[in-house]
Amino acid sequence: QVQLVESGGGLVQPGGSLRLSCAASERFFSINIMGWYRQAPGNQRELVARIINGGSTVYADSVKGRFTISRDNYKNTVYLQMSSLKPEDTAVYYCHAVGATTAMLPTREYWGQGTQVTVSS
């Protein structure tokens, strides 16, 4: 089964930057959407950013102008460049993909295991 493996989380000071990466353990036959969600303690999981086939992007209002999502289609990898980080960005960040691993299988959702991002001085 395809796994999404995140990396790049950690502790950063307010105003700092981090880059998250998410790589699929094997190639997808097709991917419709790749993106990032986050969940802070006591909160629901929320969309941070996603990139759709063709390159269209969607961002949460809270991260617009600070975060940038990008994708390497050949490597089935998605990145999240986070800048001007704030304490309220502290959360577990989850990679998300919607796709099919073969032509015979239906499109479905995939989730990574999550990576902690902590913004604190």
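Reader: Y37 first. Buried or exposed?

Author: Y37 is buried, at a relative accessible area of 18%. Buried stands for under 20% relative accessible area, exposed for over 50%, and partly exposed for what lies in between, with a 1.4 Å probe and protein chains only.

Reader: What sort of model is this?

Author: This is a predicted model, in which local features need pLDDT of at least 70 and side-chain atom pairs count only at pLDDT 80 or more, while totals for chains, interfaces and linings use all residues. Residues are numbered from 1 along each chain as its sequence is written, and side-chain values use heavy atoms, with hydrogens and water left out.

Reader: Ok, rings. How many aromatic pairs?

Author: Two aromatic pairs. Rings of Phe, Tyr and Trp (the six-membered ring for Trp) pair if their centres lie within 6.5 Å; planes under 30 degrees apart are called stacked, over 60 edge-to-face, and the rest tilted. F28 and Y110 are edge-to-face, because their ring centres are 5.1 Å apart and their planes stand at 85°. F28 is in the loop between β3 and β4 (30-39) and Y110 is in strand β10 (residues 108-111), so this pair ties together parts 82 residues apart in sequence. Strands (E, at least two residues) and helices (H or I, at least four) are DSSP runs, numbered from the N terminus.

Reader: Are F28 and Y110 buried or exposed?

Author: F28 is buried at 5% relative accessible area, and Y110 is buried at 6%.

Reader: And what does Y37 form with W111?

Author: Y37 and W111 form an edge-to-face aromatic pair, 5.1 Å centre to centre with 65° between the planes. Y37 sits in strand β4 and W111 in strand β10, 74 residues apart, and the pair links these distant parts of the chain. W111 is partly exposed, with a relative accessible area of 35%.

Reader: What lies over the face of W111?

Author: R45 does, at 4.7 Å from the ring centre. The charged end of R19 sits over the ring of Y79, 4.1 Å from the centre of that ring. A charge is taken to sit over a ring if NZ of Lys or CZ of Arg is within 6 Å of the ring centre and within 35 degrees of the ring normal.

Reader: Back to Y37. What stands opposite in β5?

Author: L47. Strands β4 and β5 (residues 46-52) run antiparallel and are joined by six bridges; two strands pair if DSSP finds at least two bridges between them. The two strands form a hairpin with six residues between them, and G42 in the turn has a positive phi of about 80°.

Reader: How many bridges join β5 to β6?

Author: Three, and β5 and β6 (residues 57-59) also run antiparallel. A49 stands opposite Y59 in β6. That hairpin has four residues between the strands, and G54 takes a positive phi near 100°.

Reader: Which residue other than glycine has a positive phi?

Author: N76 has a phi near 50°, and so does S84. Most residues other than glycine have a negative phi. N76 is in the loop between β7 (67-72) and β8 and is buried at 5% relative accessible area. S84 is in the loop between β8 and β9 and is partly exposed at 42%.

Reader: New topic. How many disulfides does the structure hold?

Author: One. The disulfide joins C22 to C95, with 2.0 Å from S to S; the cut-off is a pair of cysteine sulfur atoms within 2.5 Å. The link of C22 and C95 is left-handed, at -85° about the S-S bond. C22 lies in strand β3 (residues 18-24) and C95 in strand β9 (residues 91-100), so the pair ties together parts 73 residues apart in sequence. C22 is buried at 0% relative accessibility, and C95 is buried at 0% as well.

Reader: What is T77 in contact with?

Author: Leaving aside neighbours within four places in sequence, T77 is in contact with C22, A23, M34, S70, R71 and D72; contact means heavy atoms within 4.5 Å. T77 is in strand β8 (residues 77-82) and is buried at 7% relative accessibility.

Reader: Which backbone oxygen does the T77 side chain reach?

Author: That of K75, at 3.0 Å. A polar contact is a pair of N or O atoms within 3.5 Å; within protein, one must be able to donate a hydrogen and the other to accept it, and residues adjacent in sequence count only if both atoms are side-chain atoms.
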